[in-house]
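Q: Hi! I'm new to this one, could you walk me through it?

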Amino acid sequence: MSQFAPQSLAKKPMLVKKIVVANWKMHGNLKQNQALLADYVALLSDLKQSQVVVCAPYPYLAQLQSLLQHTNIAWGAQNLAKNAEGAFTGEVSAAMLKDFGCQYVIIGHSERATAYCESDENIAQKFLQAKQHGLTPILCVGETLIEREAGVMELVVGKQLDTIIKLHSAAIFADSIISYEPIWAIGTGLAATPEQAKAMHKFIHHKIASLDKDAASRLKILYGGSVNPQNAVQLFAVQNIDGGLVGKCSLESQAFEKICIAAELAT
Ligand code: PEP
């Protein structure tokens, strides 16, 4: 277990009911981002019950800070280093993200886990770094198609959560975000059905609640994987689905607006 004391967990409760995270992945440039952010600000300024978060590539965090700082939209990064500081060429620390006003950070996205061989242990250390620096981690968990077809999806997701629980305790999930992202649904156009998502969100909630009721009550569980304006209404209506992590549709302002309105109306 880490030396990280539970009282150092961010105490700020997440008052909003739903959260919609835009994951821009490795898309955009200064000019395109400026136009997209202007659309976001104009289209999303009336949201009251839900929180929108934009996660952009590192070089654009200063641009997000400058264009979003007086709006209702928060921002964050798509990754962070597992270490606090040191000789780690090419890495970006939690404290550096804080310097650019980030409040959130995506951790363990399957595109990173697959392409850069991120282990569950590395992901757990990154989660701890985020919490120690007051960033809200958005932890991605999910199974492959082969694992779903074999019926072991809960075992897989349970193991991903266990690595973090072992490093600290379930208390670390208070005021954190888990995003259930079945790998077969990411970028494929084939979202999980509301029933599939409901079962997994229930499993995640119960797993944390069985260890720490307070942490479970302060944890948000998002769904990610081909969320679009058509399926968002049904998905966000499901119990324990507290919003979405949106890739492709976050790059189209009008589609993203519809998804955010679905979240707002579901609250
Ligand atoms: C994602 O980036 O995590 C994601 C879910 O992407 P998409 O919405 O394109 O499937």
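This is a predicted model: local features need pLDDT of at least 70, side-chain atom pairs count only at pLDDT 80 or more; totals for chains, interfaces and linings use all residues.

Q: Good to know. How much space lies in the largest pocket?
A: About 390 Å³ of space lies in there.

Q: And which residues lie nearest its centre?
A: Those are K25, M26, Q78, R112 and Y116, out of 14 residues that line the largest pocket.

Q: Let's switch to helices. How do α7 and α8 cross?
A: Helix α7 covers residues 153-167 and helix α8 covers residues 194-211; their axes come within 11 Å and cross at roughly 35°.

Q: Is that crossing right-handed or left-handed?
A: The crossing of α7 and α8 is right-handed.

Q: Which residues meet there?
A: From α7 you have M153, E154, V157, G158, L161, D162 and I165. On the α8 side they meet A199, M200, F203, I204, K207, I208 and L211.

Q: And how do the residues of that contact divide?
A: Into 10 nonpolar, one polar and three charged.

Q: New topic: where does S110 lie?
A: S110 is in helix α4, which spans residues 110-115.

Q: Is S110 buried or exposed?
A: S110 counts as buried because its relative accessible area is 12%, and buried means under 20%.

Q: What does S110 touch?
A: Leaving out residues up to four places away in sequence, S110 touches I183 and I186.

Methods:
Residues are numbered from 1 along each chain as its sequence is written. Side-chain values use heavy atoms; hydrogens and water are left out. On a 1 Å grid over the protein atoms alone, a cavity is a set of points where a 1.4 Å probe fits but cannot get out, and a pocket is an open set with protein on both sides within 12 Å along at least five of seven lines; lining residues have an atom within 4 Å of a point. Grid points are joined across faces, edges and corners, and a volume is the space filled by probe spheres set on the points. Axes are lines fitted to C-alpha atoms, for helices over the stretch in contact, and angles run from 0 to 180 degrees between N-to-C directions. Helices (H or I, at least four residues) and strands (E, at least two) are DSSP runs, numbered from the N terminus. A crossing is left-handed if the near helix is turned anticlockwise from the far one by less than a right angle, and right-handed if clockwise. Contact means heavy atoms within 4.5 Å. Ala, Val, Leu, Ile, Met, Phe, Trp, Tyr, Cys and Pro count as nonpolar, Asp, Glu, Lys and Arg as charged, and the others, Gly among them, as polar. Buried means under 20% relative accessible area, exposed over 50%, partly exposed in between (1.4 Å probe, protein chains only).
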